[in-house]
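Please read it alongside the sequence and the coordinates shown here.

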Amino acid sequence: RRNGLKVERIALEDAAIHVVDRATGGQPFTGSVEGLTIGLLDLQGGSPLELRLRARVFAATENLRIGARTTPLPADLLSAPQQLGVTELTLWAAKLDLARVAPYLGDALPVKLVSSTLDADLTARGLSLEPGAESTLQGELKLTGLQLQGGEVFDLRVAPDLIVRGQDDEL
């Protein structure tokens, strides 16, 4: 340990966000995100930082987990911060109702989502575009009952097992 500072875990646990949306027209939409836990793990100079999020998003059981790991923090946590990179991302979702989440994404979603549920178990590692670096994407993503405004309902399943190696001038 440098500077003697090590924080094993900082967390917000079992929080809830309750939504009453009167802008939907007609009866207001009500819902909640419960069991929200956000944790930062291993805050220590020279070590990667890990972020974990878990929640029940408009559901009775846990249906969302997101994880991220960064490049190592500066050895001296008191010095000017360097830009952190993300080296690993994980997404796990079980029957996450995207149509209920979509209205709160604003312009981040360029189309109107009528319906869909998400099931996913994805891991991305490496996440670097540096020459010679290797990045991987593995797992499965399923969108069930996907319908965009004006379109037909369909299901989509993607099971990537990709390795990308950065070249000198291209990916």
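## Salt bridges

The structure, which is a predicted model, holds eight salt bridges. One of them joins Arg56 to Glu34, with the closest N and O atoms 3.8 Å apart, and this pair links distant parts of the chain, since Arg56 lies in strand β3 and Glu34 in strand β2, 22 residues apart. Arg56 is partly exposed, with a relative accessible area of 25%, and Glu34 likewise counts as partly exposed, at 28%.

A salt bridge is also formed between the side chains of Glu50 and Arg69, with an N to O distance of 2.9 Å; here too distant parts of the chain are linked, Glu50 being in strand β3 and Arg69 in strand β4, 19 residues apart. Glu50 has a relative accessible area of 16% and is therefore buried, the cut-off for that class being under 20%, whereas Arg69 is partly exposed at 31%. Glu50 and Arg69 belong, together with Arg52, to a network of salt bridges.

## The β7 and β8 region

The side chains of Glu140 and Arg157 meet in a salt bridge, at 2.4 Å from N to O. Because Glu140 lies in strand β7 and Arg157 in strand β8, the pair ties together parts of the chain that are 17 residues apart in sequence. Glu140 is partly exposed, with a relative accessible area of 28%, while Arg157 counts as exposed at 54%.

Glu140 is also in contact with Ala159, which, leaving aside its neighbours within four places in sequence, touches Gly139 and Glu140. Ala159 is found in the loop between β8 (154-158) and β9 (161-165), and at 44% relative accessibility this residue counts as partly exposed. The C-alpha atoms of Ala159 and Gln138 are separated by 7.1 Å, although the two residues are 21 apart along the chain.

In soluble globular proteins, nonpolar side chains tend to be buried together. In this model the largest nonpolar core has 19 residues, and those with the most contacts inside it are Val57, Leu96, Leu118 and Leu141. Two or more residues are given to this core by each of the strands β1, β2, β3 (48-57), β5 (86-97), β6 (113-125) and β7 (134-148), and the largest share, four residues, comes from β6.

Leu118, leaving aside its neighbours within four places in sequence, is in contact with Ala93, Ala94, Lys95, Leu96, Leu98, Leu141, Lys142 and Leu143. Ser116, which is found in strand β6, counts as buried at 4% relative accessibility. With the same exclusion of sequence neighbours, the contacts of Ser116 are Leu96, Asp97, Leu98, Ala99, Leu143, Thr144, Gly145 and Leu146.

## Aromatic pair

How many aromatic pairs are there? The count comes to one aromatic pair, formed by Phe29 and Phe58, whose ring centres are 5.4 Å apart and whose planes stand at 80 degrees, so that the pair is edge-to-face. Phe29 lies in strand β2 and Phe58 in the loop between β3 and β4 (64-72), so the pair ties together parts that are 29 residues apart in sequence. Both Phe29 and Phe58 are buried.

## Nonpolar surface patch

Ile10, Leu12, Ile38, Leu40 and Leu51 make a nonpolar surface patch of about 370 Å², to which β1 (6-21) and β2 (29-44) are the elements that give two or more residues.

## Positive phi angles

Most residues other than glycine have a negative phi. Asp14, however, has a positive phi of about 55 degrees although it is not a glycine; Asp14 lies in strand β1 and is exposed, with a relative accessible area of 58%. Lys95, also a residue other than glycine, has a positive phi near 50 degrees. Lys95 has its place in strand β5 and is exposed, with a relative accessible area of 63%; Lys95 is also one of the contacts of Leu118.

How values were computed. Residues are numbered from 1 along each chain as its sequence is written. This is a predicted model: local features need pLDDT of at least 70, side-chain atom pairs count only at pLDDT 80 or more; totals for chains, interfaces and linings use all residues. Side-chain values use heavy atoms; hydrogens and water are left out. Patches are made of residues with over 30% relative accessible area and no salt bridge: like charges are joined within 9 Å, nonpolar side chains (Val, Leu, Ile, Met, Phe, Trp, Tyr) within 5 Å. Accessible areas come from the Shrake-Rupley method with a 1.4 Å probe; for residues, only the protein chains shown count as cover. A salt bridge is a side-chain nitrogen of Lys or Arg within 4 Å of a carboxyl oxygen of Asp or Glu. A nonpolar core is a set of buried Ala, Val, Leu, Ile, Met, Phe, Trp, Tyr and Cys residues joined through side-chain atoms within 4.5 Å. Buried means under 20% relative accessible area, exposed over 50%, partly exposed in between (1.4 Å probe, protein chains only). Contact means heavy atoms within 4.5 Å. Rings of Phe, Tyr and Trp (its six-membered ring) pair if their centres lie within 6.5 Å; planes under 30 degrees apart count as stacked, over 60 as edge-to-face and the rest as tilted.
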